Amino acid sequence: MALRTFISRTARPLAIAAVALLTLSLFTVAQIGPAFAHGERAQTANLRMRTINWYDTEVSPKQVAVGDEMVIRGRFETSKYWPEHVPSVTGRVYLNVGAAGPKFIKIKSTINGKSMFQSSQLELGKHYEYEIILKARVPGRFHLHPVLNVLDSGALIGPGYWVDTTGSFADFSNTVETMFGRTIDLETFNLDIIYSWHALWFVMALAWLGFWGRKSPLLIQSLRRVRQKEEAGEDPDTLISPMEKKVAVGFMVVTLMIIGAGFQWAEARHPVTTPLRTAKMDVDPLPLPDPNIIIEYGGATYRIPGRSFQAEFSVTNNGPSPVRIGEFLTANLRFINSAVRNVQPADSHDLVASDGLRIEGGPVPPGETRKLKMFAEDALWETYRLTTMINDPDSIVAGLVFFYGDDGSREIVEIGGPMIPVFE
Ligand SMILES: [Cu+2]
């Protein structure tokens, strides 16, 4: 009995706080740990097929030491068939990198040569060239993606590649010089002050909780006492004693004083600061020559048992040499026509079907129009859960078709339109 009274009087608030902290930390621990995927397959098919078409993606070098630089570059096309219900790149976009945690720092990022440390807005149906320079921070093996964050839509991720960082985290330094010539290390800058502020507010919060919980730490007990007062026709506010009111005012005064003093102290220490810049950067699409190839989309089907996507279109070639289709790209999957090109997956997660594309109708000679049938067949449709495209209410698909001329030229045309699923 004595022990029970002791626990209920003094240790109960602490026990509750401890349980709360433990639960919180368990949730946190459950969420840490290596991330093996970045939602590559999680987004709906129409979001992946009809938003950003990433191509010519290049990560080099794929092996670096801590402190070394790595470059991600390539191009993307903003789909003409962007779903109406999805906020698009004409709003606000930010070029970013997808990795499992802060394994790199970003040194530089550009779209069409313009700095993209701020956000931008783009046009639909246009091509853009990007470059991101990273500096390796933590050793390990990571899956890296270029990412375009689109306001109100989320992160639209590009193709991912495995990269390796060797060395030791202890060798990493991230120093910058301030406007007044002071050199600071961003890894540790003001960390002691940040810890101190957190500790101070943690103590304040515990003191506040402990003060109110000293008599009865349980909410339901308190609620019952309030109810009892109400039922007796008394004002429940009388449960709060004049002493408690004084202490509460004291807490408020002390809190405001700490905030005021902290502000003054920071102002004195850092008299000149500049805000983070939030203006949009303007960037024009890549100036590409007028297209030589005109496609008229004639419909598509997806045969579910055969994992076979089939599209029909008529192609007019206004260029100087015969053209053939070498690749079909949609949702970061690359279906390659092995009769035209030899492209092998760069690693186990590179989404390349080296022999996944078949064309009926042959090359299109200059000045002529031909009807072509394109078959993109591979298990990738299934493994990357694109078969959910048959569940899209609007049933529109899209992707890039890569034409290769006998003269070495390349022209990229986006196709898109309705698709009908076939079940047998
Ligand atoms: Cu990934």
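User: In which loop does Pro 61 lie?

Analyst: This is a predicted model, in which local features need pLDDT of at least 70, side-chain atom pairs count only at pLDDT 80 or more, and totals for chains, interfaces and linings use all residues. Residues are numbered from 1 along each chain as its sequence is written, and side-chain values use heavy atoms, with hydrogens and water left out. Helices (H or I, at least four residues) and strands (E, at least two) are DSSP runs, numbered from the N terminus. On that numbering, Pro 61 lies in the loop between strand 1 (52–60) and strand 2 (63–65).

User: What is the omega of the peptide bond that joins Ser 60 and Pro 61?

Analyst: Pro 61 belongs to the loop between strand 1 and strand 2. The bond from Ser 60 to Pro 61 is cis, with omega at about -15°.

User: Is Asp 56 buried, partly exposed or exposed?

Analyst: Asp 56 lies in strand 1 and has a positive phi near 55°, although the residue is not a glycine. Buried means under 20% relative accessible area, exposed over 50%, and partly exposed in between (1.4 Å probe, protein chains only). The relative accessibility of Asp 56 is 35%, so Asp 56 counts as partly exposed.

User: What is the phi of Asn 332?

Analyst: Asn 332 is placed in the loop between strand 15 (323–330) and strand 16 (333–336). With a relative accessible area of 15%, Asn 332 is buried. Asn 332 is not a glycine, yet its phi is positive, at about 70°.

User: How many aromatic pairs does the structure hold?

Analyst: Rings of Phe, Tyr and Trp (its six-membered ring) pair if their centres lie within 6.5 Å; planes under 30 degrees apart count as stacked, over 60 as edge-to-face and the rest as tilted. By that rule, the structure holds 16 aromatic pairs.

User: Why is the pair of Phe 104 and Phe 142 edge-to-face?

Analyst: Phe 104 is in strand 5 (residues 104–111) and Phe 142 in strand 8 (residues 140–150), so named from the DSSP runs, and the pair links parts of the chain 38 residues apart. Both Phe 104 and Phe 142 are buried. Their ring centres are 6.0 Å apart, and the pair is edge-to-face because the planes stand at 80°.

User: Which residues do ring pairs link into a cluster?

Analyst: Ring pairs join five named residues into a cluster: Tyr 302, Phe 309, Phe 328, Phe 335 and Trp 381.

User: Which residues does Pro 146 touch, leaving out those up to four places away in sequence?

Analyst: Pro 146 sits in strand 8 and is buried, with a relative accessible area of 1%. Its C-alpha is 16 Å from that of Ala 346, a residue 200 positions away in sequence. Contact means heavy atoms within 4.5 Å. Pro 146 touches Trp 54, Thr 57, Ile 72, Asn 96, Tyr 130, Leu 156, Ile 157, Gly 158 and Pro 159.

User: How far apart in space are Val 401 and Gly 233?

Analyst: Val 401 lies in strand 20 (residues 396–405) and counts as buried, at 0% relative accessibility. Its contacts beyond four places in sequence include Ile 325, Phe 328, Met 374 and Val 413. Gly 233 is 168 residues from Val 401 in sequence, and the distance between them in space, C-alpha to C-alpha, is 78 Å.

User: With which residues is Ser 395 in contact, leaving aside neighbours within four places in sequence?

Analyst: Ser 395 is found in the loop between helix 6 (380–383) and strand 20. Ser 395 is buried, with a relative accessible area of 19%. Its contacts are Gly 417, Pro 418 and Met 419.

User: What radius of gyration does the chain have?

Analyst: The C-alpha trace spans about 95 × 60 × 35 Å along its principal axes. The radius of gyration is taken over C-alpha atoms, and the globule rule is 2.2 Å times the number of residues to the power 0.38. A compact globule of 424 residues would come out near 22 Å, whereas the chain has 30 Å.

User: How many helices and strands are there in the chain?

Analyst: Of the 424 residues, 35% count as buried. The chain has 6 helices and 21 strands.
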